[in-house]
Amino acid sequence: MARIKNIELPGEKHVFVGLTAIYGIGNNLGRTICENAGVNPETKVKDLTDDEITRLRKEVDNHVVEGDLRRNVQMSIKNKMEIGCYQGVRHKKGLPVRGQRTSRNAHTRKGRGKVVANKKKVGK
């Protein structure tokens, strides 16, 4: 098994798809990394040689991925919350940030509806 940036790449997949297991690498960047490292993107991860894995590691090191990228994203969110911009306010309230409607389909951010108890009817 190939191990890059402390991530175990899935052995049965093509190299460019396997690289997408690393946070911050998608299909296009995976293909670009393979091309720059001189590795055939259609090769299975389990069939890679040690030399190819080393070249892939060096190429991945040229990009911001995994822990550094996660840290950058979190710092950006914290910065927006501190300066009080619109997106920061939406992050604080736990609402969708990018202009989506909230009246119908914001359950991913807002969570399921909260149950409100009925008032008892004063009656005869």
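Reader: Where does glycine 24 lie?
Author: Glycine 24 sits in the loop between H1 and H2. Keep in mind that this is a predicted model.
Reader: What is glycine 24 in contact with, leaving aside neighbours within four places in sequence?
Author: Leu29, Val65 and Leu69.
Reader: On to helix H2. Which residues are buried there?
Author: H2 covers residues 27-37, and Gly30, Ile33, Cys34 and Ala37 are buried in it. Looking down the axis of H2, these buried residues fall within an arc of 100°, so they line one face of the helix.
Reader: And what does the face turned away from the buried side carry?
Author: The exposed residues Asn28 and Glu35.
Reader: What covers the buried residues of H2?
Author: The cover includes helix H1 (15-18) and helix H3 (50-60).
Reader: What comes just after H2?
Author: Glycine 38, with a positive phi of about 75°.
Reader: New topic, cysteines. Is cysteine 34 buried or exposed?
Author: Cysteine 34 has 0% relative accessibility, so it counts as buried. Cysteine 85 is partly exposed, at a relative accessible area of 26%.
Reader: How many disulfides are there?
Author: The count is zero. A pair of cysteine sulfur atoms would have to be within 2.5 Å to count.

Definitions and conventions:
Residues are numbered from 1 along each chain as its sequence is written. This is a predicted model: local features need pLDDT of at least 70, side-chain atom pairs count only at pLDDT 80 or more; totals for chains, interfaces and linings use all residues. Side-chain values use heavy atoms; hydrogens and water are left out. Buried means under 20% relative accessible area, exposed over 50%, partly exposed in between (1.4 Å probe, protein chains only). Helices (H or I, at least four residues) and strands (E, at least two) are DSSP runs, numbered from the N terminus. The arc is that of the directions from the helix axis to the C-beta atoms. Contact means heavy atoms within 4.5 Å.
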